[in-house]
Amino acid sequence: MKPVPTPNADTKPFWDACNEDRLIVQTCNSCGHKQFYPRALCVKCEGRDLDWQDAAPTGTVHTFTIAHRAPTPAFKEDAPYVLALIDLDDGFRMMMNIVNTPHDAIAIGMPVRITFEERDGQKLPQAEGLTS
Amino acid sequence: MTRKAAITGVGNTKVGEVPGSTCMSLHTEAALAALDDAGLKLADIDGVICAYALSETYPMLSSAFCEYVGAEPNFNAGLHGGGATGAMMVMQAAALVESGTCRHVLCVTGDNRLTGMTRDKAVASLTEFGHPQFEQPYGISIPAAYAMVAQRYLHETGATLEHLAALSVSHRAHAAMHPDAHMTKPITMEDVADARVISSPLRLLDCCPISDGGAALVVSAPDAAADTRKGGVSVLGCGQGHTHEHIVAAPSLIDFGCKTASARAFGAAGVTTDDIDVAEIYDSFTITLLIELESIGFYQKGEAGEAALKGELTHGGRLPCNTHGGLLSFGHSGAAGGMFHVVEGVRQLRGEADQRQVPDAELAFVHGDGGILSAHCSLILGRD
């Protein structure tokens, strides 16, 4: 079975929001920095007063790879699958798969929108290519 | 007599498939080879540093090693910086002997990932380098992470797959000159181009193999090097740079901690890239080396690939690089993978590299990278 994230105290609000089909981002009340992944301090100003804000479910492909060799049996059926770093429009970066998109259409800079994939009771953000 | 810490003994095992080996037997064989090289006995050692292993996952590997060989040192610790560990061990050991804490520190690495755990199990185990919540659920692997770095690098610099292939070919030729190397069958540019894609744009021959093997060295105090059989190679400068562990959190996919690590090492040694005679730089993938050569400052951005194609990175070229064949062809057995670079740097400076010898090599640059270009350590080594 593919890994399912186990939320902890740092990340539970993020994963709970995913389960409601919402993307949220941890935001520093002291300096305004938006950071991913969620932590117990702001890495820009060392502030501890952190909050959550809704994030736009859109972004662009910073880089990607088409993985032909699955590292574990759980991903064998999916190979070749696309792994990407997505720059969200709200200024933070996440790793996702690019799904429901022809592989030959994927390029650096391609706009994407976020969808949610359910996996054993937990929803995960995924990226879907947008043809411009 | 030198004023800096000195590497006084080096050793490595055969690398590749080493039937009958265990994680601990590889550690021991490498350690005894390094001690023999230095003309020392285990009883002369008062400090021990080990790394980590996948095939035998002791939480306290360095204690387990000391127990296995019956050593009771004054100082003993594990160090885990991925592929940077070998260089980091030298930096740590140098601090221990220069501070007077220890006289002779034995640094040991080894793993039998190939025969001890199978290639598939090693690859699966290595996915744990990915973030458990934000990377592993997406099917990350180490090749896929480096492939994403490669895709971005090619996009920004206009470098080509031929540039990457040139490194595969030169490393294989170097390994063919080393009696202990894993991959020695010559390859051509066409072989690299035709190899199956592992994770685009990286092909099989852009990736290092998984190997059994071990490597060790002894770092001695400035006044203790004279007690050893061959004297020492001086550790003239060391530096580290750290920006992230997980690629999702890397501040840049073009510049990495190797920039600060190397700047610190060059500064400490009082030399520049132009002074270096031979370089042994971490090369888990072809892209790893290309990016590091530029980020460190041996080449301008986007120019290292052309240099590789022109033969500048091999014997007779401007910067002979990974003269033992690197991880790409000498082999990769975990922390020992990065230690092989240090061992080769020392052999080059001592004039012991046989047909791989770079004539009159006086200054070597050695660099290790752990994780996904995450943890970096640079060393400047010099002949006394």
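**Note on the predicted two-chain model**

1. Among contacts in chain A between residues at least 6 apart in sequence, 52% join residues at least 24 apart. The model under discussion is a predicted one. Chain A contains one helix and eight strands, and their order along the sequence is α-β-β-β-β-β-β-β-β.

2. On overall dimensions, the C-alpha trace of chain A spans about 45 × 35 × 25 Å along its principal axes. The radius of gyration of chain A is 15 Å, which agrees with the value near 14 Å that a compact globule of 132 residues would have. Buried residues account for 30% of the 132 residues in chain A.

3. One sheet of chain A is open and has three strands, in the order β2-β1-β3, with antiparallel pairing. Strands β2 (34-35) and β3 (50-54) of chain A are at the edges and have a single partner strand each, so one side of each lacks a neighbour in the sheet. Five bridges link β1 (residues 24-28) of chain A to β3(A) in the antiparallel sense. Within β3(A), the residue opposite I24(A) is D54(A).

4. Seven of its 10 residues are buried, so β4(A) is largely enclosed by the rest of the structure. With β5(A) it pairs in the antiparallel sense over eight bridges, and V61(A) has I86(A) in β5(A) as its bridge partner. Strand β4(A) is also joined by three bridges to β7 (residues 111-119) of chain A, again running antiparallel; here T60(A) has P111(A) in β7(A) as its bridge partner.

5. At the interface, 30 residues of chain A are in contact with 24 residues of chain B. Strands β4 (58-67), β5 (81-88) and β6 (93-99) of chain A each supply at least two residues of the side that touches chain B. Of the elements on that side, β4(A) gives the most, with six residues. By class, the side of chain A that touches chain B has 18 nonpolar, eight polar and four charged residues.

6. In chain B, the axes of helix α1 (residues 23-38) and helix α2 (residues 61-69) come within 10 Å and cross at roughly 70°. Residues M24(B), H27(B), T28(B) and A31(B) of α1(B) meet F65(B), Y68(B) and V69(B) of α2(B). By class, this contact has five nonpolar, two polar and no charged residues.

7. Two cis peptide bonds in chain A should be noted. One joins F36(A) and Y37(A), with omega about 0°, and Y37(A) lies in the loop between β2 and β3 of chain A. Another joins A79(A) and P80(A), with omega about -5°; P80(A) lies in the loop between β4 and β5 of chain A. Most residues other than glycine have a negative phi, and most peptide bonds are trans.

8. D120(A) has a phi of about 55° and is found in the loop between β7 and β8 (122-129) of chain A. D120(A) counts as exposed because it has 8 C-beta neighbours inside 10 Å. In chain B, T118(B) has a positive phi of about 70° and is found in the loop between β4 (104-112) and α4 (119-126) of that chain. With 12 other C-beta atoms within 10 Å, T118(B) is exposed.

Notes
Residues numbered from 1 in each chain as written. Chains lettered and ligands numbered in written order. Predicted model: local features only at pLDDT ≥ 70, side-chain atom pairs only at ≥ 80, totals over all residues. Pairing = 2+ DSSP bridges. Helix = DSSP H or I, 4+ residues; strand = E, 2+ residues; numbered from the N terminus. Axes fitted to C-alpha atoms, helices over the stretch in contact; angles between N-to-C directions. Contact = placed C-beta atoms within 7 Å. Nonpolar A, V, L, I, M, F, W, Y, C, P; charged D, E, K, R; others polar. Rg over C-alpha atoms; globule rule 2.2 N^0.38 Å. Buried ≥ 20, exposed ≤ 12 C-beta atoms within 10 Å, placed from the backbone.
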